[in-house]
Amino acid sequence: MDFSGVTLRPMSQDEYDDYTTRRDLEYVQSLTKVMSAEAASRKARQDRAAFLPHGLATERHRLLVAVNDAEQSVGHAWFGLDEPRTRASDTAWLYDISVEEPYRRSGYGRAILAAVEALAREAGATRLGLNVFGHNTPAISLYQACGYEVMAQQMAKRL
């Protein structure tokens with residue numbers, strides 16, 4: 001799918017291997033803000049096994065590479081065609097969206113998100129849900145600018 005200079009295409013196996021290795025590391029880094037590094041590593045492994053039990057072949061999940069007009073990989077997106085807790089098929093779920101460092105703050109995040117929304121809509125979804133860590137202010141700003149609203153919120157205080 002082509003959207004404002006960004007085309008989303010399926011990941012190859014090599015791209016998937018690189019993507020999940022890097023994504024797991026980033027996920028662990030975010031989780032260590034609320035749990036030990038050991039627990040964060042364990043959770044990252046468990047979550048990947050639960051959500052992508054068959055890797056690229058996991059049913060109703062799309063793992064995509066975002067490519068710009070110059071055929072450069074500018075980012076990634078992973079979404080599923082069911083809400084993960086309720087399995088509601090009218091709500092697609094954005095598990096991850098990323099823009100490669102040199103391409104950030106250039107509109108690619110918005111373009112990738114819009115392309116994912118279009119794919120989810122084509123698949124029959126009427127909503128796209130997601131989770132975002134509270135410290136990820138660039139992502140929160142993007143989602144708010146694109147019309148996403150807070151549906152639930154967790155808070156904590158270090159004692």
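Which residues does F79 touch, not counting residues up to four places away in sequence?

Reply: This is a predicted model, in which local features need pLDDT of at least 70 and side-chain atom pairs count only at pLDDT 80 or more, while totals for chains, interfaces and linings use all residues. Residues are numbered from 1 along each chain as its sequence is written, and side-chain values use heavy atoms, with hydrogens and water left out.

Leaving out residues up to four places away in sequence, F79 touches R60, H61, R62, L64, A92, W93, L94, Y95, V116, L119 and A120. Contact here means heavy atoms within 4.5 Å.

F79 also belongs to the largest nonpolar core, which has 27 residues. A nonpolar core is a set of buried Ala, Val, Leu, Ile, Met, Phe, Trp, Tyr and Cys residues joined through side-chain atoms within 4.5 Å. Buried means under 20% relative accessible area, exposed means over 50%, and partly exposed is in between (1.4 Å probe, protein chains only). The members that touch the most other members are L8, F79, L94, I112, L113, V116 and Y143. At least two residues of this core come from each of β2 (6-10), β3 (61-68), β4 (73-80), β5 (91-99), α3, β6 (127-130) and α4. These helices (H or I, at least four residues) and strands (E, at least two) are DSSP runs, numbered from the N terminus. Helix α3 gives the most to the core, with seven residues. Apart from this core lies another one, of ten residues, including Y16, L63, W78 and Y95.

Two packed helices are described by the angle between their axes and the distance between the axes. For α3 (residues 108-122) and α4 (residues 137-145), the angle is about 55° and the axes are 11 Å apart. That makes α3 oblique to α4. Axes are lines fitted to C-alpha atoms, for helices over the stretch in contact, and angles run from 0 to 180 degrees between N-to-C directions. Under 35 degrees counts as roughly parallel, over 145 as roughly antiparallel, 65 to 115 as roughly perpendicular, and the rest as oblique. On the α3 side, G109, R110 and L113 meet L142, Y143 and A145 of α4. These residues divide into four nonpolar, one polar and one charged. In this count Ala, Val, Leu, Ile, Met, Phe, Trp, Tyr, Cys and Pro are nonpolar, Asp, Glu, Lys and Arg are charged, and the others, Gly among them, are polar.

The loops beside these strands come next. E100 sits in the loop between β5 and α3, and E100 is buried because its relative accessible area is 19%. Apart from neighbours within four places in sequence, E100 is in contact with R22, S73, V74, G75 and H76. R105 is in the loop between β5 and α3; with 85% relative accessibility, R105 counts as exposed. R105 has a positive phi of about 65° although it is not a glycine.

The loop between β3 and β4 holds D69. At 65% relative accessibility D69 is exposed, and the C-alpha atoms of D69 and G5, 64 residues apart along the chain, are 5.5 Å from each other. E71 lies in the loop between β3 and β4, and E71 is exposed at 67%.
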